Amino acid sequence: MKGVVFTEFMEMVEARFSAEMVDDIIDDAQIKSGGAYTAVGNYPFAELVAMITALSRRSGMSASELIFHFGHYLFGRFALLYPYSIQSCSSSFMVFEGIEKHIHVEVQKLYPDAQLPDIQVVERDDRRMILLYRSPRCLAPLATGLIQGALDHFSEQGRITTEPLNAEGSEVRFTVELL
């Protein structure tokens, strides 16, 4: 997994909890890297899972809830770090429609070895969009947080429903309805 995900996760933990919490979860997780990440490096996904698990234990929040909050945080960070990826969008639906055609293309340019989820628009009208998420990492709560982050970014009110399409959670149907 790309280091930018790790560095942003630790920044979110510091901002939401504290710098001490970052140190504590790194110690608790007993990860090989010792928490030394660079944005362009590649690191084992298991290290992120270990830190989320450690944060869940220390914070009392579920891992899914933490991953959702991380996704929400991540959308805001990506909007700041990579504004060109959404600057031509006037709504969250425009962002969602551009994930595979534009955003993931640009991510692949920056990080050619990135293994990105597949997110396809299945159906869309003015008030409702159905997205199909596929990823072996099973991070649907992260995707949900990113979707909510996009809604918030564009000051849109919406309801997000998820429907797992398999037992492991590697395929999920998202329905986003604007209110």
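Predicted model: local features only at pLDDT ≥ 70, side-chain atom pairs only at ≥ 80, totals over all residues.

Visitor: Which residue does Glu 123 form a salt bridge with?
Guide: The partner is Arg 128, and the closest N and O atoms of the two are 2.7 Å apart. Arg 128 is partly exposed as well, at a relative accessible area of 30%.

Visitor: How many salt bridges does the structure hold?
Guide: There are 9 salt bridges in the structure. One of them joins the side chains of Asp 118 and Arg 134, at 3.1 Å from N to O. That pair links distant parts of the chain, since Asp 118 belongs to strand E1 (residues 118-124) and Arg 134 to strand E2 (residues 128-134), 16 residues apart.

Visitor: And what is the relative accessible area of Asp 118?
Guide: For Asp 118 the value is 24%, which counts as partly exposed. Arg 134 is also partly exposed, with 33%.

Visitor: Which residue does Arg 77 meet in a salt bridge?
Guide: Arg 77 meets Glu 8, with 2.8 Å from N to O between their side chains. This pair too links distant parts of the chain: Arg 77 sits in helix H4 (residues 63-81) and Glu 8 in helix H1 (residues 3-16), 69 residues apart.

Visitor: Why does Glu 8 count as buried?
Guide: Glu 8 counts as buried because its relative accessible area is 3%, and the cut-off for buried is under 20%. Glu 8 also takes part in a network of salt bridges together with Glu 11 and Arg 77.

Visitor: Let us step back. How many helices and strands are there?
Guide: The protein chain has 7 helices and 4 strands. Read from the N terminus, their order is α-α-α-α-α-α-β-β-α-β-β.

Visitor: What is the radius of gyration of the chain?
Guide: The protein chain has a radius of gyration of 16 Å, which agrees with the value near 16 Å for a compact globule with 179 residues. Along its principal axes, the C-alpha trace spans about 50 × 35 × 30 Å.

Visitor: What share of the residues is buried?
Guide: Of the 179 residues, 45% count as buried. The protein chain exposes about 9200 Å², and carbon and sulfur atoms supply 53% of that area.

Visitor: What about contacts between residues at least 6 apart in sequence?
Guide: Among those contacts, 61% join residues at least 24 apart.

Visitor: And how many positive and negative side chains are there?
Guide: The protein chain has 15 positive and 24 negative side chains, and the centres of the two sets lie 4 Å apart.

Visitor: Back to single residues, then. Where is Gly 169 found?
Guide: Gly 169 is in the loop between strand E3 (158-164) and strand E4 (171-178). Gly 169 is buried, at a relative accessible area of 14%. Setting aside its neighbours within four places in sequence, Gly 169 touches Tyr 133 and Cys 138.

Visitor: Where is Cys 138 placed?
Guide: Cys 138 lies in the loop between E2 and H7. Its phi is near 55°, a positive value in a residue other than glycine. At 29% relative accessibility, Cys 138 counts as partly exposed.

Visitor: Where is Arg 137 found?
Guide: Arg 137 is found in the loop between E2 and helix H7 (140-153). Arg 137 is buried, with a relative accessible area of 18%. Apart from neighbours within four places in sequence, Arg 137 is in contact with Met 1, Phe 45 and Gln 115.

Visitor: What is phi of Gln 30 near?
Guide: Phi of Gln 30 is near 50°, again a positive value in a residue other than glycine. Gln 30 lies in the loop between helix H2 (19-29) and helix H3 (45-59). Gln 30 is exposed, with a relative accessible area of 71%.

Definitions and conventions:
Residues numbered from 1 in each chain as written. Heavy atoms only, no water. Helix = DSSP H or I, 4+ residues; strand = E, 2+ residues; numbered from the N terminus. Rg over C-alpha atoms; globule rule 2.2 N^0.38 Å. Buried < 20%, exposed > 50% of the residue type's maximum accessible area, 1.4 Å probe, protein only. Contact = heavy atoms within 4.5 Å. Areas by Shrake-Rupley, 256 points an atom, 1.4 Å probe, with all protein chains shown as cover. Lys, Arg positive; Asp, Glu negative; His and termini not counted. Charge placed at Lys NZ, Arg CZ, Asp CG, Glu CD. Salt bridge = Lys/Arg side-chain N within 4 Å of Asp/Glu carboxyl O.
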